[in-house]
Amino acid sequence: MKTLQTRLDEVSAWVRDQAPAGTADKIDAATARLAGSGIDERALQPGQQAPDFDLPDATGVLVRSAALRATGPLVLVFYRGAWCPYCNLALQAWQPHLAALRDLGATLLAISPQTPDVALSQREKLSLAHPVLSDAGNAVARRFGLVFELDESLRPVYAGFGIDLAAHNGDRSFELPVPATYVIDRDGRVAGVWFDVDYRRRPEPEDVMACVARIARTGAAQ
């Protein structure tokens with residue numbers, strides 16, 4: 001069975017082979033600039049207190065993180081949006097693990113800046129069996145230190161792919177979250193972080209599950 005990263009690498013290979021000349025180089029250069037911005041140092045780190053939040057799911061129902069973490073670990077998957085094939089693959093990779101998460105008393109929440117209507121379409125199209133939350137204006141992602149403004153050089157590239165961020169997110173900020181996965185314990189502390197400025201790399205769900213299982217046994221981050 002292919003790993004998630006193998007499938008993501010296949011998408012990257014397609015971009016290099018099929019996208020207009022220079023596209024991959026522009027993506028690499030913008031990623032390097034983001035890496036040099038120090039955003040990784042601003043992101044919430046293990047052992048720190050995670051902010052609680054209330055966000056609407058794809059149907060408009062308000063989801064309260066404090067209530068969920070009181071019953072068991074929270075897995076927060078921050079992603080860019082339904083337009084991102086890497087994000088879609090990452091979310092789909094979690095579907096076979098949801099039953100095991102429930103057995104551990106854990107909950108997975110996927111969070112993006114896209115509007116509830118877009119989130120609902122994505123949830124239905126991908127048959128996602130976990131909540132997909134709308135973080136308007138990246139308000140929650142900002143509190144986790146994940147928000148950046150899309151590099152100017154990539155805006156025409158995205159437009160060329162037919163990606164209209166303003167339509168997806170309901171604003172013209174061009175702000176996105178760095179894809180990141182957080183495991184939060186019952187006390188609200190960060191037990192595990194998987195953060196990478198290169199959106200083409202994502203953690204394997206099995207690695208995150210190991211952290212969830214550990215804190216499910218102990219009740220809190222060590």
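Tyr182 is buried, with a relative accessible area of 0%; buried denotes a relative accessible area under 20%, exposed one over 50%, and partly exposed a value in between, computed with a 1.4 Å probe on protein chains only. The model is predicted, and local features therefore require a pLDDT of at least 70 and side-chain atom pairs a pLDDT of 80 or more, whereas totals for chains, interfaces and linings use all residues. Residues are numbered from 1 along each chain as its sequence is written, and side-chain values use heavy atoms, with hydrogens and water left out.

The aromatic residues are described next. Two rings of Phe, Tyr or Trp (for Trp, the six-membered ring) are taken as a pair if their centres lie within 6.5 Å; planes under 30 degrees apart are called stacked, those over 60 degrees edge-to-face, and the rest tilted. By this rule, 5 aromatic pairs are counted. In one of them, Phe78 and Phe144 are tilted, with 5.0 Å from centre to centre and 55 degrees between the planes. This pair links distant parts of the chain, as Phe78 belongs to strand β3 and Phe144 to the loop between α8 (139–143) and β6 (147–149), 66 residues apart. Helices (H or I, at least four residues) and strands (E, at least two residues) are DSSP runs numbered from the N terminus. Phe78 and Tyr182 form an edge-to-face pair, at 6.2 Å centre to centre and 85 degrees between the planes. Because Phe78 lies in strand β3 and Tyr182 in strand β8 (residues 180–184), the pair ties together parts 104 residues apart in sequence. Phe78 is buried, with a relative accessible area of 2%, and Phe144 is buried as well. Phe78, Phe144 and Tyr182 form one aromatic cluster.

Strand β4 (residues 107–112) is mostly covered, with 6 of its 6 residues buried. In a regular strand, side chains alternate between the two faces of the sheet. In β4 both faces are covered: Thr107, Leu109 and Ile111 are buried on one side, and Leu108, Ala110 and Ser112 on the other. Strands are considered paired if DSSP finds at least two bridges between them. Strands β3 and β4 run parallel and are joined by 5 bridges, and Leu108 of β4 is the bridge partner of Val75. Strand β4 also pairs with β5 (residues 132–134) in the parallel sense, over 3 bridges; here Ala110 stands opposite Val132 of β5.

A nonpolar core is a set of buried Ala, Val, Leu, Ile, Met, Phe, Trp, Tyr and Cys residues joined through side-chain atoms within 4.5 Å. The largest such core has 49 residues, and those with the most contacts inside it are Val75, Trp94, Leu101, Tyr158 and Val183. Helix α5 (residues 85–94) gives the most to this core, with 7 residues. Another core, of 21 residues, lies apart from it and includes Ala50, Leu76, Leu109 and Val190.

Thr71 lies in the loop between α4 (65–69) and β3 (74–78). Thr71 is partly exposed, with a relative accessible area of 48%. Leaving aside neighbours within four places in sequence, Thr71 is in contact (heavy atoms within 4.5 Å) with Gly105 and Arg186. The C-alpha atoms of Thr71 and Asp185 are separated by 9.6 Å, although these residues are 114 residues apart along the chain.
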